[in-house]
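Reader: I have a structure open here and would like to go through it. Can you take my questions as they come?

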Amino acid sequence: MTAWLTVVGIGEDGYAGLGKAARRALLGAECIVGAPRQLDLLPPCIRAPRQTWPSPFSLEPVLRRRGTPTCVLASGDPMLYGVGASLARQVDESEMLVLPAPSSYSLAAARLGWPLQDVTLLSVVARPLPAIARQLHDGQRLLILCNDGSSPGALAALLRERGFGASRLSVLEHLGGPQERRIDGLAASWSLEEMAALNLLAVECRADAGVQPLPLTIGLPDDAYRHDGQLTKRDVRAITLARLAPRPGELLWDVGAGCGSISIEWLRSHPRCRAIAIEADAGRQQLIAHNRDALGVPQLQLVAGEAPQALKGLEAPDAIFIGGGVTVPGVLEQCWQALRPGGRLIANAVTLQSEAMLVAFRAQHGGELTRIAIAQAQPLGDFDTWRSALPITLLHVHKP
């Protein structure tokens, strides 16, 4: 099919900054869809009817025009946190032509002299701020598309809270246009509450003295979590996650999630990983909600309820961890039935009763049983001795 939809990236320099192909598409369009700010950048010679996006946002005004020459205006590069990516999920590539302009990221990197391949690109446009927390590492450079004029101040406050008040900030407003402006400062002393609505925040991360940023590896320190004692301890957590083996785009069920440590570290392994934490206790649900924001994975989905009833209707997972409720009738079997072919199920047991359930399950479905025994050196009078934690029995089953 001949492309009927053209997505035109337009910058702050407006129509003057467009190439011939983009101008030709706009002149030949029978309808142009975009935000009011973008539509206002077009000159009177563009005579096609102009339509703003509906509120709440929907692609329906574009999709219903399938087959009719239509243009969509987008900021900068439409395929980089832009509407082009949303349209590409609904429109076949043969039907759509994308004509990008320089993105705000490219313009910001050019202004700052930052090699773009060495920078982490982020967005808080209609996205939660706590997601930035996972990216805070000493020396890391971040370019963050802001949601509005209050975002830089909110992000500066987040940096201070997480021990990165020494970070250097640069707000770049109206990049590429006649109103372009840059404001520099430190997160620790940032006091500007409102900037231009169209802005990007550049962050050169610097940890405050004495702050130890969290590593990217699995097995975070136990004190990184707020918990009530229901916590898969660090060493066992690292072994468990190594068996779960998260991969980009995969979905985890964390059944009997406790404080959410397994699902949180699953999500921290890659930005495309997904997880659902199932927890019945209201107090622990609050702990999970706190930990997911504090550790930078606000996308963690929390299901309030007890397995197996709470599992009904959930998307089939690629991996399942059962940390609590192994002895509840039906939990192991329902999890096994829901697991995608090729997926893996990991369950930890402490009591003899829960261990017996794992042994019986293995006899039916196969898998590996591993005994994990951890001991730590602790004082005994004037000397030290080994103090053993309760041993853990770990079941690892791979579904054919």
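What follows is a short chat about strands, cores and a sheet.

Author: Go ahead, and keep in mind that this is a predicted model.

Reader: Start with strand E19, residues 392-398. Is E19 largely enclosed or open?

Author: Strand E19 is largely enclosed by the rest of the structure, because six of its seven residues are buried.

Reader: Which sense does the pairing of E15 with E19 take, and over how many bridges?

Author: Strand E15, residues 344-349, pairs with E19 in the antiparallel sense, over six bridges. Asparagine 348 is the residue opposite leucine 394 of E19.

Reader: And how many bridges join E16 to E19?

Author: Five, and strand E16 (residues 368-372) runs antiparallel to E19. There, threonine 370 has leucine 394 as its bridge partner.

Reader: What holds such strands together in general?

Author: Strands of a sheet pair through backbone hydrogen bonds, parallel or antiparallel.

Reader: Change of topic. Which residues touch the most other members in the largest nonpolar core?

Author: Tyr225, Leu244, Leu252, Trp266, Leu267 and Leu300, out of 26 residues in that core. Helix H7 (234-244), helix H8 (261-268), strand E12 (274-279), strand E14 (319-322) and E19 each give at least two residues to this core.

Reader: Which of them supplies the largest share?

Author: H8, with four residues.

Reader: What does leucine 300 touch, leaving out residues up to four places away in sequence?

Author: Leucine 300 touches Ser263, Ile264, Leu267, Ala275, Ile276, Ala277, Ile288 and Arg292. There is also a second, separate core of 25 residues, with Val255, Ile278, Ile320 and Ala347 among them.

Reader: Now the five-stranded sheet. What is the strand order?

Author: The order is E6-E7-E10-E8-E9, in an open sheet with mixed pairing. Strand E6 (120-123) and strand E9 (181-186) are the edges, each pairing on one side only. On average, neighbouring strands are turned by 20° against each other, direction ignored.

Reader: How do E7 and E10 pair?

Author: Strand E7 (residues 141-145) and strand E10 (residues 199-204) are antiparallel, with five bridges. Isoleucine 144 stands opposite leucine 201 of E10.

Reader: Which strands does helix H5 touch?

Author: Helix H5, residues 104-112, packs on the sheet and touches E6, E7, strand E8 (168-173), E9 and E10. The direction of H5 makes about 135° with that of E7.

Reader: And where does H6 lie?

Author: Helix H6, residues 151-161, lies across E7, E8 and E10, and runs at about 20° to E10.

Conventions
Residues are numbered from 1 along each chain as its sequence is written. This is a predicted model: local features need pLDDT of at least 70, side-chain atom pairs count only at pLDDT 80 or more; totals for chains, interfaces and linings use all residues. Side-chain values use heavy atoms; hydrogens and water are left out. Buried means under 20% relative accessible area, exposed over 50%, partly exposed in between (1.4 Å probe, protein chains only). Two strands pair if DSSP finds at least two bridges between them. A nonpolar core is a set of buried Ala, Val, Leu, Ile, Met, Phe, Trp, Tyr and Cys residues joined through side-chain atoms within 4.5 Å. Contact means heavy atoms within 4.5 Å. Axes are lines fitted to C-alpha atoms, for helices over the stretch in contact, and angles run from 0 to 180 degrees between N-to-C directions.
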